[in-house]
Each structure stands twice: as structure tokens, then as C-alpha cells.
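I opened this notebook to record what I looked up about charged pairs and the surface. My entries follow the structure below.

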Amino acid sequence: MLSISTKYAIKAVLYLAVNSTVDKKILAKEISAPTGVPKAYLSKILQELSRHDIISSVKGPNGGFYLTAENQQTSLIKIVDLIDGEHRLKSCILSIQNCNSDHPCPLHNMVGNTKSRFISKLETTSIHDLVNDIKIGKSNLPL
């Protein structure tokens, strides 16, 4: 359901949320190795996230990327919509143009409720929520 680019973006954001502060900014090349994301590709993703205020950045010496408390309140759907576009999660799983509840594709009813619940969770879950889960051991971020 999520593109590789979105997965990379979420991993990078979580890495920053756990490892960066306003005083400890991180360069793209420092995030690349632990996340397994190619540096040039990651740089483009981070720049896009920064342009849309999902993460913060400073240019120049002692510059880099970081997350503020405000950045951490961003919902995951904002990352998904920015990277993949709003249509990706709402489109047909078989990419059939006119698939909807009135004219469902063969898989529509199988994934419809699951997809709706997933979108709802993305809308209501913030970066901060995931970081808290990592910190209390409810989830694992092997970075």
C-alpha cells in the first residue's frame, strides 16, 4: 500500500525523531547507512519533507535535519500524501479506473474495510505517537 519512497521517508523521519534535537542536527549521509536508503535519494526526500515543514533543517556549517516538538505532531497521512499523493491509498488495489463500492473490482470488498481502517490510523497517528511506542518498547526501530 505504501511506496518505497514513503517507507524511506517514514524511516528517515523516525530516525530523526529518535536521534536528533535542535542542538544535534543530522546530515543526510548520516541517516543513509542506518536506514539503508541511498544518500542521493534520501537527500531529495528530506528536502521535500523540509519544504513542507514535516521536518526542520538548517543550511551551512553545523547544519542538518532535525525534528522539533511541533514537527513531531505531524500525522503520518501528511507524509504519505506528500510523497505518494492523496490518490495512492484511495485508489483501487488492482488500479482499475472506475472501481468503487457501486462497481467494485474483484478485490474491492476484500480490502475495503482494511484500507479504510489503515487510512484512519494514518490520519490519527503522529510521529510523536510512534516515537513513544519505540521508547517504551511497544515497537522496534532497528536503526
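Entry 1. I found R51 and E48 together in helix α3 (residues 39-51), 3 residues apart, about one turn of the helix. Helices are DSSP runs of H or I with at least four residues, strands are runs of E with at least two, and both are numbered from the N terminus.

Entry 2. I noted that the model is predicted, that local features need pLDDT of at least 70 and side-chain atom pairs pLDDT 80 or more, while totals for chains, interfaces and linings use all residues. Residues are numbered from 1 along each chain as its sequence is written, and side-chain values use heavy atoms, leaving out hydrogens and water.

Entry 3. I looked up the salt bridges (a side-chain nitrogen of Lys or Arg within 4 Å of a carboxyl oxygen of Asp or Glu). The structure holds 2. In the bridge between R51 and E48, the closest N and O atoms are 2.6 Å apart. In the bridge between D84 and R88, the corresponding distance is 3.6 Å.

Entry 4. I then checked accessibility, where buried means under 20% relative accessible area, exposed over 50%, and partly exposed in between (1.4 Å probe, protein chains only). R51 counts as exposed because its relative accessibility is 56%, and E48 is partly exposed at 24%. D84 is buried, at 12%, whereas R88 is partly exposed, at 35%.

Entry 5. Where is L94 found? I located L94 in the loop between α5 (87-90) and α6 (108-124). L94 is partly exposed, with a relative accessible area of 41%.
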